[in-house]
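Subject: Structure handover

Hello,

Here is the structure for your files. My notes follow below it.

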Amino acid sequence: MTTRHIAKPATHQHPPYATTYIEKVPDDGQIFKHLATGLKEIFNTVEPLTEEQLLYRYDTGKWTIKEVLVHLMDAERVFSYRGLRCARKDKPPIPGFDHNAYVPASEANGRDLADILAEYQALRSATIAFFSHLSDDALDEIGEASTMPCSAKAMVYMIAGHEQHHLRIIKERYLK
């Protein structure tokens, strides 16, 4: 794993809502360590669960754990794509995405957990490989997503923080 340090993004490098996620990541510049640790934490939390637990909804209209896992991968792909566009100086605005529409379309509940986790591992490896090879200038390049500023640096921090956000929800609301 890379030991490269990447400082947290400045507030002008991400939309205001992203602060919620970025604040969940320690301010030590070790984003790749946090991505690896977050994935390991996800695996350790969900691998022992039964199918019944994986399909549990803590309230009407809430996602199952399988749906949360696939949502995390969908968001990681979207944030990585936004990071790619910013890093490559592709300036046309990037439209937002409706994560609530993605979940039922993902058909996550019909998938095997081992299959979901294998995909998650492959995706995380690709995410780390991509972001770890961006220059400092590419990481700081500002683009626009959902009509708000974003940088590649902000996107990689959002991936890690978004995962921590959902991991906390899994532990607090699904695994009481």
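His165 lies in helix 8, where helices (H or I, at least four residues) are DSSP runs numbered from the N terminus. The model is predicted: local features need pLDDT of at least 70 and side-chain atom pairs count only at pLDDT 80 or more, while totals for chains, interfaces and linings use all residues. Residues are numbered from 1 along each chain as its sequence is written, and side-chain values use heavy atoms, with hydrogens and water left out.

His165 has 16% relative accessibility and so counts as buried (under 20% relative accessible area; exposed is over 50%, partly exposed in between, with a 1.4 Å probe and protein chains only). Leaving aside residues up to four places away in sequence, His165 touches Tyr21 and Lys24 (contact means heavy atoms within 4.5 Å).

Helix 4 (residues 65–87) packs against helix 8 (residues 152–174) at about 170 degrees, with the axes 8 Å apart. That angle makes the two helices roughly antiparallel (over 145 degrees; axes are lines fitted to C-alpha atoms over the stretch in contact, and angles run from 0 to 180 degrees between N-to-C directions). Among the residues that meet are Leu72, Phe79 and Cys86 of helix 4 and Met155, Ile159 and Tyr174 of helix 8.

On cysteines, the structure holds 0 disulfides (a disulfide is a pair of cysteine sulfur atoms within 2.5 Å). The closest cysteine sulfur to that of Cys86 belongs to Cys150, at 3.3 Å, which is too far for a bond. Cys86 is buried at 2% relative accessible area, and Cys150 is buried at 0%.

Regards

Methods: Parallel < 35°, antiparallel > 145°, perpendicular 65-115°, else oblique.
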